[in-house]
Every structure is written in structure tokens, then in C-alpha cells.
Amino acid sequence: MPAFTATAPAKIILFGEHAVVYGRPAIAVPIAALQARAIVRADVRASHGAVRLIAPAIGLDTQMDELAADHPLRRAVAITAETLHADYIPACQITIQSNIPVAAGMGSGAAVSVALIRALAAYLGHPLPAEKVSALAYEVEKIHHGNPSGVDNTVIALERAVYFVRGQLPRLISIELPFQLIIADSGIASPTAQVVSDVRAAWQKNRSDFEELFDRIANIVENARTLFEKSGKDEELTDYLTKLGGWMNENQILLAKLGVSCPELELLIERARFAGAYGAKLSGGGRGGNIIALVDEERQAAVIRALQEAGAQRVIATTIGGIG
Ligand code: PMV
């Protein structure tokens with residue numbers, strides 16, 4: 001019996017994190033260089049319906065029934081079987097591998113769910129379309145995040161840049177004019193659910209100021225979407241990068257006002273800008289995880305070096321947009 005393998009990319013949010021929880025738009029892009037992978041293999045020697053889950057990175061090797069009902073992996077398996085009206089799952093082993101850093105704002109939980117749901121649906125004989133995979137992964141995200149906007153599962157399942165508004169169909173964005181980003185990991189694990197819940201508590205105390213900050217973030221997202229959609233290949237690259245970088249810097253100021261930055265992220269951001277980045281901001285839940293810095297060919301090496309010297313745990317250079 002062949003193995004059924006599926007992958008899902010990491011993601012970063014370019015603009016709009018946190019405000020997106022409150023109905024404002026966000027723009028997120030997949031990062032194919034980092035991936036989660038799920039492999040489902042029939043296990044003819046196992047007893048009827050036995051599902052073994054193996055995730056070496058977290059030291060997990062167990063029968064599914066032994067996990068709590070709300071364990072994200074068990075939930076992803078159960079929800080896929082329910083959706084496909086599979087009364088039982090033919091005995092199998094499910095292996096999860098991922099090189100996406102955990103609790104770093106790169107969507108590792110959503111990517112594992114998407115890969116697992118895809119591989120299991122194929123094993124059960126009913127591959128699911130991306131929209132359905134996204135909807136199922138959203139249900140699992142609720143365990144990780146409490147009150148997720150849905151942006152992570154959407155961009156990861158669709159594997160395309162998206163303009164996302166909670167509760168609406170995502171709009172795919174084509175980024176014609178590619179740009180280079182440096183993603184630098186602060187090494188601080190920061191569970192998104194905690195930061196999202198702290199923002200909610202602060203919003204409850206001071207709704208009008210927070211609503212205004214969310215509106216200002218929404219404005220940046222709209223500007224960026226318009227720029228992405230209008231920019232042709234003949235656009236002056238420096239103008240394009242200067243605009244995008246400026247909006248990243250503005251978005252960062254607003255995120256800091258929401259209370260989701262921290263000194264370690266501010267240091268990385270400052271060093272990246274000082275080394276020549278057009279702009280830099282945190283990406284994802286904040287208080288740890290990653291920053292992103294916008295560069296061009298010429299500035300890339302200096303920014304990478306500056307981030308490494310400032311203590312970034314992992315620095316990745318990636319190209320966003322363009323063909324492919
Ligand atoms: O999973 P993270 O850390 O990239 O955060 C997701 C973005 C938030 O806007 C902070 C939360 C959400 O559900 O959209």
C-alpha cells in the first residue's frame with residue numbers, strides 16, 4: 001500500500017496582524033522554504049481502526065485514542081474522518097514532520113493541520129479542495145488560538161498571497177513585482193493565544209483608542225493591496241520598496257501601541273533598519289517570534305549580518321511574489 005504524503009508551507013503576515021481579529025483586513029503570504037509534512041501509511045498488522053501518530057520533533061509516538069480529545073492532532077484526524085463520513089479509519093501510521101519554528105508567528109500549527117488533513121483525506125480516498133481543508137484546519141486552530149481570525153489556515157491551505165477579512169471569502173493577490181524579505185527569529189517562543197487575549201483585555205478597557213489603531217492598520221493594508229495589484233514590472237523598484245518599507249515601519253509603531261512588541265523584537269527591527277532595510281516589523285502574534293525586514297539585492301547581506309550579530313536565532317532570506 002503506498003504512502004499518502006501531503007505538505008503545507010509556513011506563512012508570514014505582511015500587514016494587519018491583530019487588527020484582523022477585529023474585522024480589519026490583513027495580507028499574508030506563504031513561505032515555501034519551510035514546510036510541514038504528513039505521511040499516512042496503512043498498517044496491515046495493526047488492529048482494526050488503530051491510528052498511530054508519530055511526531056518525532058515533539059517526542060510523540062502514541063495511539064490516537066490515548067491523546068486528549070482536544071489534542072490538535074487527534075482533532076484534525078477526527079474532523080477529517082467526520083467530514084468524509086468515514087465510520088472508521090483503516091489502521092494506519094501518521095507521521096508528522098515540520099521544520100517550521102513553533103510559536104514563532106509562522107503558522108506551524110496550521111501547517112501541520114493542513115498537511116495532516118490533506119494526507120488523511122487522500123488516504124481515505126477523498127482528496128479535499130483547498131477551501132475545505134482550510135475550513136477544517138480553522139476548527140483545529142481554535143484549540144491553538146482560542147479566537148483565531150482564520151488568516152493562518154487560509155493562506156497556508158491556499159498557498160497563495162491573500163488579502164483576508166474575517167468571515168469573508170479570501171481574495172488572492174498577485175504580487176507582480178517581487179521583493180526580498182529577511183525573516184529573523186528572535187528565539188523567544190510566544191504563544192499567540194496569550195498575546196491575542198491580552199490585546200482583547202486592553203481593547204475592552206479602551207475601545208475607542210484601540211479601534212482607531214485598528215483602523216490605521218487597515219489603511220496600511222489597503223494601501224499595500226493597491227500597490228501590489230497596480231504595480232507592473234516597469235514600476236520603479238526603489239519607489240516601490242520605499243513605500244512598502246515605510247508602511248512596514250508605520251505598522252510596527254501601531255503594533256507597539258497595541259502592546260504586542262517587546263525589547264528583543266525592537267532591537268532586531270532597529271538593527272535591520274540601521275543596516276539598510278527599507279522597513280521592518282514584527283510578524284504574527286508578537287512578543288517574540290519573527291521580525292521581517294524588506295531589502296534588495298544590494299542591502300540583503302548587510303541586513304542578514306546585522307540580524308545575526310544582534311542575536312537572531314535563525315535568519316531566512318526569501319523572495320515574495322513574481323512568477324511561481
Ligand atoms: O499565528 P501567528 O502568531 O502568526 O498569529 C496570527 C495573527 C494574529 O492576528 C495575531 C491572530 C489571528 O488569529 O489572526
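This report describes the surroundings of the ligand in a predicted model.

Residues are numbered from 1 along each chain as its sequence is written. In this predicted model, local features need pLDDT of at least 70 and side-chain atom pairs count only at pLDDT 80 or more, while totals for chains, interfaces and linings use all residues; side-chain values use heavy atoms, with hydrogens and water left out.

The ligand is surrounded by 16 residues, each having a heavy atom within 4 Å of it. The closest are Lys11, His18, Ser149, Asp152 and Thr192. The shell comprises six nonpolar, seven polar and three charged residues; here Asp, Glu, Lys and Arg count as charged, Ala, Val, Leu, Ile, Met, Phe, Trp, Tyr, Cys and Pro as nonpolar, and the others, Gly among them, as polar.

Domain 1 (4–172) and domain 2 (179–320) both contribute to this shell, so the ligand lies between them. The domain bounds come from an automatic or database domain assignment.

| Residue | Atom of the residue | Distance to a ligand oxygen atom |
|---|---|---|
| His18 | backbone N or O | 2.9 Å |
| Gly105 | backbone N or O | 3.3 Å |
| Asp152 | polar side-chain atom | 2.8 Å |

The protein covers 97% of the 380 Å² of accessible area that the ligand has on its own, according to the Shrake-Rupley method with a 1.4 Å probe.

Key: Polar contact = N/O pair within 3.5 Å; in protein donor to acceptor, adjacent residues only side chain to side chain.
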